[in-house]
Amino acid sequence: MSTIETNSVADLFFQLNWSSDMARHTDAYAGLSVNFWRDILPGRLSAELTHKRTGDQLQFVFSPEEIFTNGQSRTIRRLSRAQFDPARIGSKKLVPMPGRFYPKGILNDVAGVFKANQEPFRCVEVRNGHLDTDMGHPLSGRRISLSVSVGSVSPKSEERGGGLKDWIETISEGVGMQARWMGHPTDFFAGNPFRRADESADSAFYEKPRMVQHLDDSALDIVHQFYGRFAKSGMRILDVMSSWDSHLPNGVNFEQVVGVGLNRYELGKNQVLTDRIEQDLNQDPTLDFPDCYFDVAVCTVSVEYFTNPDALFSEVTRTLRPGGLFLVVFSNRWFEPKVIGIWKELHEFERMGLVLEYFHRTAAFHDLQTYSVRGLMRPRYDKYFGQLPYADPVYVVWGQKK
C-alpha cells in the first residue's frame, strides 16, 4: 500500500468544524488528486500527512492566523455609500444591507479591487451616507478544527506544466458566510424578499407532473445517508413539500410517513409514503395534525420556494414532539419562476444563514447545526457530466425542538 510522499497524489476528505453564536457548523470538501509536489497545504498539515496511507485520519486545531495569512483577517473599513455601485457588475437592484455579503467588484475607488473581483466582503452597517464593511475572510477570528481522512494514494504521473491549488483556500471558500456578524442578525427581510418571477397559483404551475431530481446521484447518496442518521424505525415522519421521492433511507420500517405536496401523481409514485396530502403550503401552511405528533420533519430542495417561511416553520414546529428534528436540505438548482427573489441574490453559504434565521425566528429550536458537502465527482453517466464534472453541493440546516 502506497504512503504519502513528496511525489504522491492522494484523495483527501477535508472537514472544517467551527461554531458561531447561533449554531455548530461542519463544512466538508472532497479534495481529489491532491498533488504533494505542487499544491499548497499548511506546513503543519503537510508534515503530518507525510507517510500516511489510505484509511488514516488526522485531526488539527488551527487559529485563524495559521490559515489566513494573506491579509484575510477581520478588517473593518468605512466607505461612502456612493462607492457601492452594483452597475459595475450589472446588478442595479442590489442594495447594501447589514450582515449581507457582496462581491468586492461592486465597489468603486477601492485600492486593489477590480470589477472582476468575486471575493466577498460583508456590509456591517449602513448609516449617514456611508457603509462600514468587513473585508476579511468570513471565518476570521474563529477557532477551526480540521479533520482529514486519507483516501487513495498513488505516485504522481509525469508532469509537464500545470497549475497548483491552494487547498485551504479551496475548502474554505464561502465557509463562514452562514454565520451572523458579531452576533447581529443579518437583514434578509427588508423590502419584498419573497417575491417571485411567477406569482400565479402554485397549484397551476405544479399541475403537470415533473418526475425529475434537482440532485445528481452523488449528492442524493449524501442526502440518503444524512437522513439515515436521524430517521429511524418506528418513527412518524413528515415530508414537507413532498414529491415522488422522499430521499429517506431504504429498508426502514417507519410507523408513518406523511407527504404534503402539490401534485397527486407524483405523491402517488412515492412508495415510502403512508399518507398523501395534496396541499399548497404557501397558500395554507396549516397542517391537519395534532401538536407534538411527528418525530422528524424533512424538507428536501424546496425551502427556496417558501413565500411565508415564518408561518410554515411555526406550523411544522407545532406538529413536532419535544426533541423532534426539522431537517432542511437544499442545493443550487431550482425551478426559476417559483424561487423567491432573495434566494437568487445570496451566495450558496449565505442561504444557510437565511434558513438559520427561519429557525431562529420561531424561537422553538435549540442545537442548530449546518452541514455542507462539496467537491465530490459527478457520476460519468449523469447528463451534466461533460458540463459540470463536480457533483451538486449539498447544504443542510437542522434543529431540535426545545
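Good morning. The structure is a predicted model, in which local features need pLDDT of at least 70 and side-chain atom pairs count only at pLDDT 80 or more, while totals for chains, interfaces and linings use all residues. Residues are numbered from 1 along each chain as its sequence is written, and side-chain values use heavy atoms, with hydrogens and water left out.

I begin with the chain as a whole. Its secondary structure comes to 9 helices and 15 strands; these are DSSP runs numbered from the N terminus, with helices being H or I of at least four residues and strands being E of at least two. The radius of gyration, taken over C-alpha atoms, is 22 Å, close to the 21 Å that the globule rule (2.2 Å times the number of residues to the power 0.38) gives for 402 residues, so the chain is as compact as a globular protein of that length. Along the principal axes, the C-alpha atoms fill a box of roughly 65 × 60 × 40 Å.

How much of the chain is buried? Buried residues make up 53% of the 402 residues, where buried means under 20% relative accessible area, exposed means over 50%, and partly exposed lies in between, with a 1.4 Å probe and protein chains only. The accessible surface comes to about 18400 Å², and 49% of that surface belongs to carbon and sulfur atoms; the areas come from the Shrake-Rupley method with a 1.4 Å probe, and for residues only the protein chains shown count as cover. As for contacts (heavy atoms within 4.5 Å), among those between residues at least 6 apart in sequence, 71% join residues at least 24 apart.

I now turn to the empty spaces. Rolling a probe the size of a water molecule over the atoms shows where empty space is left. On a 1 Å grid over the protein atoms alone, a cavity is a set of points where a 1.4 Å probe fits but cannot get out, whereas a pocket is an open set with protein on both sides within 12 Å along at least five of seven lines; lining residues have an atom within 4 Å of a point. Grid points are joined across faces, edges and corners, and a volume is the space filled by probe spheres set on the points.

The structure holds 3 cavities of 30 Å³ or more. The largest cavity contains about 460 Å³ of space. Its lining has 26 residues, and Met-241, Ser-242, Ser-243, Glu-266 and Ser-302 are the closest to its centre. Strand 9 supplies the largest share of this lining, 4 residues. The lining divides into 10 nonpolar, 11 polar and 5 charged residues; Ala, Val, Leu, Ile, Met, Phe, Trp, Tyr, Cys and Pro count as nonpolar, Asp, Glu, Lys and Arg as charged, and the others, Gly among them, as polar.

The second largest cavity has a volume of about 80 Å³. Of the 11 residues lining this cavity, Arg-122, Asp-134, His-137, Pro-138 and Trp-181 lie nearest its centre. Its lining consists of 3 nonpolar, 3 polar and 5 charged residues.

Finally, I consider some loop residues. Beyond its neighbours within four places in sequence, His-214 is in contact with Val-301, Tyr-305, Arg-333, Trp-334, Phe-335 and Asp-392.

Asn-128, which is not a glycine, has a positive phi of about 50 degrees. This residue is found in the loop between strand 6 (120-127) and strand 7 (130-134) and is exposed, at 69% relative accessible area. His-247 also has a positive phi, near 60 degrees, but counts as buried at 5% relative accessibility.
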